[in-house]
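Please keep the sequence and the structure in view while reading.

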Amino acid sequence: MGKLKELGYLDSEEKIKHSCGVFGISSSQEVGSLIYSGIYALQHRGQEAAGMVTWDERQGKLSSIYGSGLIKDAFEPKKLSRLKGNVGMGHVRYSTAGSKGVKNVQPLKVSVHGKKVILAHNGEIANAPQLRRSLKQRGIWPKSNSDSEVIALLLASLLSQTNDFGTSMEQVMRQLRGAYSLIVFADGELFAARDPHGIRPLCIGQTERSCVVASESVALDILGAKLVRDVGEGEIIKITPQKAETIARVKGSPSYCMFEYVYFARGDSFLQGKEVQAVREEIGRSLAREHSVEADVVVPIPDSGRSHALGYSRESGIPYQEGLMKNRYVPRTFIMPTQAKRKFGVRLKLNPVKGVIKGKRVVLVDDSIVRGTTIGWIVHMLKNEGAKEVHVRIATPPIRAPCYFGINMKTKKQLAASKRSIEEIRLSTGADSLGYSSIDGLVKSIGLPKGSLCLGCLTGKYPT
Ligand code: SF4
């Protein structure tokens with residue numbers, strides 16, 4: 001421990017922002033349990049709090065429940081049964097620092113001049129402070145520091161004047177800078193919108209009785225819904241049980257977050273027509289071509305490195321083996337809310353399989369190096385277990401710049417590659433060699449045009 005501290009493994013600071021999952025449904029049947037299933041499938045996008053809201057048209061009544069922690073712990077079964085209605089939405093969130101638990105949990109409800117808006121948001125609004133100030137100047141006072149509340153208040157305020165959702169949402173979107181995939185309930189109807197760059201994912205699904213919109217297609221699969229399409233960049237849709245209909249559009253150009261493909265989305269999701277697992281395997285193949293090495297075994301860091309490692313193994317011919325066992329009951333390192341929890345989490349989470357590691361030249365594969373803390377720990381562990389060599393291969397090119405679009409990389413200081421060379425990072429991790437995917441290799445593996453991807457944290461050039 002002392003040595004690791006000296007090496008700087010435990011020194012990273014963080015200022016966490018969220019990544020979230022959203023789900024909305026309009027149906028000819030009761031939707032409470034469907035929303036529950038939908039957000040369950042999106043649990044990987046946020047593990048700190050969850051909320052669900054339904055609208056019972058016959059009774060003219062909104063019902064909502066919120067809870068902190070994993071969905072399995074967040075809602076009492078008897079409260080679930082209180083969710084009545086055929087329209088609703090759900091949200092899983094990953095809190096901002098200092099606002100854990102149910103504070104700022106979504107879907108959030110606001111009312112301006114008697115106009116109610118209920119909203120679930122995935123993303124981050126870069127100009128929220130300016131917009132908050134302008135709201136206050138107009139006598140509209142946000143109750144929190146949430147950027148999502150700013151969107152909801154702007155929308156409710158405009159809706160109170162226009163009574164037209166498409167026009168109001170369009171006007172709000174022209175003011176927002178940043179990433180947002182939104183589900184909105186207003187005037188008894190359900191809507192969704194995606195920012196003009198489509199930074200965060202959002203897709204539409206259909207069953208015989210319901211139309212669904214969700215952050216990822218895995219939330220459609222669980223309901224047996226057919227993936228119809230992704231919501232377009234800048235598109236505003238109205239959702240009825242029969243269909244999703246475009247009601248307005250703000251001009252934009254695609255800039256899909258590359259990190260969704262590499263790490264955030266679930267492998268069995270389709271994003272913009274690409275199955276995430278297949279993309280990850282292709283990145284691994286490309287990595288093997290770019291950074292080949294003589295070795296005995298390819299070992300993934302579970303779970304995020306698995307598909308990349310499989311691709312590396314298939315391309316290089318070096319056997320793939322599970323050399324690190326994961327304790328499944330510890331949450332994902334990258335989205336733990338405090339550094340203390342993260343340190344504890346790494347030690348709890350992984351243990352080497354001695355027979356796979358001892359005396360071997362190991363290619364250790366992971367999705368990314370953000371802070372550089374975890375990978376150093378793991379190399380150290382493998383060497384302690386007798387690995388002859390450890391060659392680290394990373395699917396994401398070096399992350400050199402912060403993200404302003406809803407991922408918890410807020411300052412350059414947090415990022416291992418912002419000031420250090422690859423060789424310096426290699427030395428700090430104790431690896432025998434270190435190879436990252438190139439940007440071109442990553443883009444080619446995703447299979448979308450380079451200009452349609454956000455690569456901001458790799459290049460420092462952002463879409464907005
Ligand atoms: S800056 Fe990086 S993490 Fe943020 S949206 Fe762009 S690609 Fe994704």
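## Helix packing in a predicted model

What covers the buried residues of helix H17 (residues 439-446) includes helix H9 (258-264), strand S16 (274-275), helix H10 (276-290), strand S23 (453-454) and helix H18 (456-459). The model under discussion is a predicted one. The buried residues of H17 are Gly441, Leu442, Val443, Ser445 and Ile446. After H17 comes Gly447, with a positive phi near 85°.

In helix H16 (residues 422-429), the buried residues are Ile425, Arg426, Ser428 and Thr429. These residues lie on the same side of H16, because they cover an arc of only 165° around the axis. The buried residues of H16 pack against helix H14 (373-384), helix H15 (416-419) and strand S22 (433-436). H16 is followed by Gly430, whose phi is positive, near 85°.

The discussion now turns to pairs of helices. Two packed helices are described by the angle between their axes and the distance between the axes. The table gives these values for two pairs.

| Pair | Angle between axes | Distance between axes |
|---|---|---|
| H10 and H11 (residues 306-316) | roughly 45° | within 6 Å |
| H5 (residues 128-137) and H6 (residues 147-162) | about 45° | 10 Å |

The crossing of H10 and H11 is right-handed. By class, the contact of H10 with H11 comprises 5 nonpolar, 6 polar and 6 charged residues. On the H10 side, the residues include Gln277, Arg280, Glu281 and Ile283, and on the H11 side they include Ser307, His308, Leu310 and Gly311.

H5 and H6 are likewise described as oblique to each other. H5 passes H6 in a left-handed crossing. Ala128, Leu131, Arg132 and Leu135 of H5 make this contact with Asp147, Val150, Leu153 and Leu154 of H6. Of the residues in the contact of H5 with H6, 6 are nonpolar, none is polar and 2 are charged.

Key. Residues are numbered from 1 along each chain as its sequence is written. This is a predicted model: local features need pLDDT of at least 70, side-chain atom pairs count only at pLDDT 80 or more; totals for chains, interfaces and linings use all residues. Side-chain values use heavy atoms; hydrogens and water are left out. Buried means under 20% relative accessible area, exposed over 50%, partly exposed in between (1.4 Å probe, protein chains only). Helices (H or I, at least four residues) and strands (E, at least two) are DSSP runs, numbered from the N terminus. The arc is that of the directions from the helix axis to the C-beta atoms. Contact means heavy atoms within 4.5 Å. Axes are lines fitted to C-alpha atoms, for helices over the stretch in contact, and angles run from 0 to 180 degrees between N-to-C directions. A crossing is left-handed if the near helix is turned anticlockwise from the far one by less than a right angle, and right-handed if clockwise. Ala, Val, Leu, Ile, Met, Phe, Trp, Tyr, Cys and Pro count as nonpolar, Asp, Glu, Lys and Arg as charged, and the others, Gly among them, as polar. Angles under 35 degrees count as roughly parallel, over 145 as roughly antiparallel, 65 to 115 as roughly perpendicular and the rest as oblique.
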